[in-house]
Amino acid sequence: MTLVIRRATPDDVPALREVMGAAIAELQKAFLSPEQIAASQAIMGLDTQLIDDGTYFVVEEPGGTAVGCGGWSRRATLYGGDHSAGRDAALLDPARDAARVRAMYTHPDHARRGIGRMVLAACEQAAAAEGFRSLDLMATLSGEPLYTAAGFTVVERLADDRTGVPVPLARMRKEITS
């Protein structure tokens, strides 16, 4: 099957939210309790600023069905969706700051088929083209193996407990070598 990656548009938002919801609900089950999965829905999701900035991608199978998504950002926010508190739209300085890899999701029916790697490669290439020399991301426990395999290393472990239920996360970084 040939997958296509392209920049997401506002028309993609409903399909992107569907992919994200399914990914959080299903792919986290082996790592988190039901309460932590519910908390993850509250602290993660789509930041439409990425679509507006032209830095968010959708991966589609033939016929146009979205099977994955993710992007990068030149803005300070590290993770969270439109509904998340504490977002910061300040622009980063490529000479000193790491670009952010954001909102990476694969539909559970398509997990472990290279979609995440496809999106990460697109993010790294685009960030490097704008002068960034490193990438930061906030990984879920289910996503950490992908990011480790792609060359990211853990720089901090933490728990987001804004909802009252702590969700374990790992801040990860990769130097861009291109």
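1. A word on terms to begin: contact here means heavy atoms within 4.5 Å. The model is predicted, so local features need pLDDT of at least 70 and side-chain atom pairs count only at pLDDT 80 or more, while totals for chains, interfaces and linings use all residues. Residues are numbered from 1 along each chain as its sequence is written, and side-chain values use heavy atoms, with hydrogens and water left out.

2. Do have a look at aspartate 160, in strand β6 (residues 153-160); strands are DSSP runs of E, at least two residues, and helices runs of H or I, at least four, numbered from the N terminus. Leaving aside residues up to four places away in sequence, aspartate 160 touches Ile43, Tyr79, Val165, Pro166, Val167 and Leu169.

3. Is aspartate 160 buried or exposed? Its relative accessible area is 5%, so it is buried (under 20%; exposed is over 50%, partly exposed in between, with a 1.4 Å probe and protein chains only).

4. The rings of tryptophan 72 and phenylalanine 132 have centres 6.0 Å apart and planes at 70°, so they pair edge-to-face (rings of Phe, Tyr and Trp, the last by its six-membered ring, pair with centres within 6.5 Å; planes under 30 degrees apart are stacked, over 60 edge-to-face, the rest tilted). Tryptophan 72 sits in β3 (residues 65-73) and phenylalanine 132 in the loop between α4 (115-129) and β5 (134-139), 60 residues apart.

5. Both partners are buried: tryptophan 72 at 2% relative accessibility, phenylalanine 132 at 4%.
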